[in-house]
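Reader: Please take one close look at the aromatic side chains and their packing. Keep it brisk, and spell out every cut-off.

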Amino acid sequence: MIMKSFLQGLLTKDPRQRLSWPDLLHHPFIAGRVTIITEPGGSDLGTPFTSHLPPELQVLKEQQVHRLAPKGNRSRILRLACKRMAEEAKRKKHQNTGPALEQEDRTSKMASGTAPLPRLRATPQEPGLIAGILASEMKSSWAEWGAGETPPAPRENQITQDCEQADPELRPEVVGQQSIDAVDLENEEPDSDDEWQHLLKTGEPVPIQLKAPLTLLCNPDFCQRIQGQLHEAGGQILKDVPEDASHILPALRVLSSLLSSCSDSVPLYSFCREAGLPGLLLSLLRHSQESNSIQQQCWYGTFLRDLMAVIQAYFACTFNLERSQTGDSLQVFQEAANLFLDQLGKLLAQPDDSKQTLRRDSLMCFTVLCEAMDGNSWTISKAFYSSLLTTQRAVLDGLLHGLTVPQLSFHTPPGAPQVSQPLREQSEDLPGAMSSALAAICTAPVGLPSCWEAKEQISRHLANQLSEESNQLRPSLISGLQHPILCLHLLKVLYSCCHISERLCHVLGQEPLALESLLMLVQGKVKVVDWEESTEVALYLLSLLVLQLQDLPPGMEKLGNEIATLFTHSHIVSLVSAAACLLGQLGQQGVTFDLQPVEWIAAASHALSAPAEVRLIPPGCCGFYDGLLILLLQLLTQPGKGSLLRDVADSEIWTVLWHRFSMALRLPEEVSPQEEEPSLSRPQSPEPDWTLISPQGMAALLSLAVATFTQEPQLCLSHLSQRGSILMSTLKHLLSPSFLHQLGRAPQGAEFLPVVVLSVCQLLCFPFALDVDADLFRGVLADFVDSEVAAHLLQVCCHHLPLPQVELPVSLLTRLALTDLTSLNQFVNTVAASPRTVISFLSVALLGDQPLLTSDLLSLLAHTARVLSPSHLSFIQELLAGSDESYRPLRSLLGHPEHSVRARTYGLLGHLLQHSMALRGALQSQAGLLNLLLLGLGDKDPAVRRSASFAVGNAAYQAGPLGPALAAAVPGMTQLLEDPQAGIRRNAVSALGNLGPEGLGAELLQYQVPQRLLEMACGDPQLNVKEAALIALRSLRQEPCIHQVLVSLGASERLAMLSLGNQLLVHSSPRPASARHCRKLIHLLRPTHST
């Protein structure tokens, strides 16, 4: 299945949908199996195996291409074959009709525009570069026309210039008898200005395609000649001396081709600056609109057409983009854009129909200018688009007025005279250009967010107008939704405005014609030029309406099955994604549709594995795959779909899904531990491709994973246990600080970040919740450790999650730290790296109203104090003491209403008191703090009593100055000797034993502690309690008064009888240490050791 998908992607006929480099590297069939040797190079390299040639080699390469390239659009063999066929046909015709028709044949040939060019002499000393270029291009074109080819149009919508056809001076004339085929203009060029001028006058307007633009730019003779031609002829136009000004036309065509074909921005901008571009071009445009004498010239129409082509090519140059700027090119670009907007605003405000073609060409140029602005920085694009609402408001008003005026009817009424197709298309050019320009200033381009804010202002302005009841623009736009040419652009305008205005969504939801047109588009009942893209926009617009209204517009409740059919049967990935988006919205509104698992699984697999062409931002700033992921989540989490969930998890779509997700995340390559750099020097991971999957889509995918693995937990374990698996690599990356920082800055990222983090934590908790083989669990744990999951979890809690949502990450962190020492060290090192931030978080979390969170943190801190050296414990002391060292946090925790919190607080104190002199001093100096400690000895909860007795015992160990104050603990400890819990009795015995050396013998005798301990050593049913009692008696006998009491009680005899009863002997006792303590104590209590 995956291999078939890979081959289908490579063999797709449509180049836009074909799987190409470097996207094919991410296809599941070869992902991770291809080694690429990365080489330094520019960011614009097509593949990692290419690099830029130096300028001198690039010039030689272009010269070679120019020399070896076939002349014309046909190959040499094909041209020769066509020529021979034409000669053969001519010979047969001559034989059949006789010489009487020779003159008529010549006349026909001249009328078709195939007259021979004049003989040109070559003078190597003074080459005419421009003439050579033009003559070479016209030679190949004319030769092909003579062979029977149709002359190519200069551009798609070529303007018919009647005045040119009527002027005999511009018609080709026969000069000499030699055919142009005999003139080798590749090597021969005109040697005088007279021949150059004659060549210009005899040439019909033909498109110029330069074969070596960089070579020309590096030739100073060419640059000087064409710059001189521009300035000379342009100066004549500006001075209203039009006699020889038409000579600027060929130079404009060469300049247009040069700007369009040269990719090296540095020499190209240098040439433009020296030629005075674009100032000269805009001056010519402005003056031509103001000069009646220029407008009366027969070449005026051609001049405007070629001039607009050059301006358009200039605006499309890469040196106008900030990332490719050259010198002051951006400043020049902005000034030129403002001047052009001035002229466009005046042109659109004129009601003169004779300038319809100029308006169309200007609007096409304006559309290209908008595309260039979209790729620029926020500052430049904002200034440009904001001016359309302020200083350049005439442009926007002209566009809206032009679209409000009634246009050509969509269908010819029955009985009406039929309009010819060329005239019909020509009359629709201007509305099409206007709608395209309006869409260009509204539509947010995919992957270029710098201009979104500025374009949203324009969309909001339009949305406000469209929402007004009396506004005439809305009916015009809605009526154009069924127009074959205007449909796509108007859909984009409405979609952009609805993105901004919920009010407009409500208005469109009540427009029957708008909804009818959208439904007909989706159903394929409207014939439009670009049905695929129009249908995609219509689907997204319907999804947006449902999303904004949270209801179904009239008629959509019956659309479910038709959209489902489009989803399962379309091979166009963008349509499948848009249909999935709408199906997800319909499903949330309760619409049912028939989707067979076999069909939708195949459709989803194809959509995920085929290359994605993102042409429009989905509703709600979603990603390209978001709608598909949300739909999959709906289909697989319906009640009773457990078996389907298992089938999907076992199928190839599951692997394809995670590979596509990793590609959108742009996961960094796995690095071995030996090659891994220190964390401070690691490069930042690349920004995820939010156009493919947004934070909402990530949340949907992870929710789908949680649902799947909850149903099939062993499947999750198998994925996590595979070291370097795509799932494990993805989950680790989702917790990394760099990704979370990027996620927080993404649109709607802050909203979905908690969902993403908590879903990842749920998936990582599976190994701890299952009965896992020990070796398997060690492997998973090692992967967690290598990825520094513990450190990332703490950083997530400190920087990215609100306090109510940190419970699960802290629980996972605690489990990792309790299980693995390296994870515990990662936790402590993270605290040391950012002590203020982490301590602030821990302080708030400990004193919050989440008992489970507080308990987990106390367990984590207690384990830290138990395992690590005292040098790592200062932050715990700071946490308990508080900023003012009043120990308010500790007091609050000791008095917490939850017994689990109190028990773990006492446990933490017990571990800290083994090492912390500061804490023992605080118990002595802080009023009431010791009483809170002793209060736990009488707590009703056995866990609290056990932890409290443990803490008091450690406080008594090396108590020092605290010793006398601990006399208050003797009564409570004595009572615990009778506690039913063996662990509590053992802790109480040990604590009483620690109090003996602190000079508290009188207090111990007062409560008959020696007698009680002796009884427990001889009669307690638990061996560990007996052992603790023997150890305590050994410690207490060092006090003379207690020693005398033990002797008077006959302790040695009683212990000897115990030993004779074989209850604590070495050879029979399971606790040999107890027997040793018993013998030692018997020895110490003999009269010879009495004091």
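**Aromatic rings and nonpolar packing**

Author: Tyr-269, Tyr-314, Phe-315, Phe-319, Phe-333 and Phe-340 make up one aromatic cluster. The model is predicted, so local features need pLDDT of at least 70 and side-chain atom pairs pLDDT 80 or more, while totals for chains, interfaces and linings use all residues. Numbering runs from 1 along each chain as its sequence is written, and side-chain values use heavy atoms, without hydrogens or water.

Rings of Phe, Tyr and Trp (its six-membered ring) pair if their centres lie within 6.5 Å; planes under 30 degrees apart are stacked, over 60 edge-to-face, the rest tilted. The structure has 18 such aromatic pairs. One of them joins Phe-768 and Phe-777, edge-to-face, at 5.4 Å centre to centre and 85° between the planes. Both Phe-768 and Phe-777 are buried. Buried means under 20% relative accessible area, exposed over 50%, and partly exposed in between, with a 1.4 Å probe and protein chains only.

Now the core. A nonpolar core is a set of buried Ala, Val, Leu, Ile, Met, Phe, Trp, Tyr and Cys residues joined through side-chain atoms within 4.5 Å. The largest one holds 307 residues. Phe-340, Phe-366, Ile-441 and Phe-567 touch the most other members. Take Phe-366. Its contacts (heavy atoms within 4.5 Å) include Phe-340, Phe-384 and Ile-441. Phe-366 also touches Leu-341, Leu-344, Leu-388, Val-395, Leu-399 and Ala-437. Residues up to four places away in sequence are not counted. A second core is separate and has five residues, among them Leu-19, Leu-24, Leu-25 and Ile-30.
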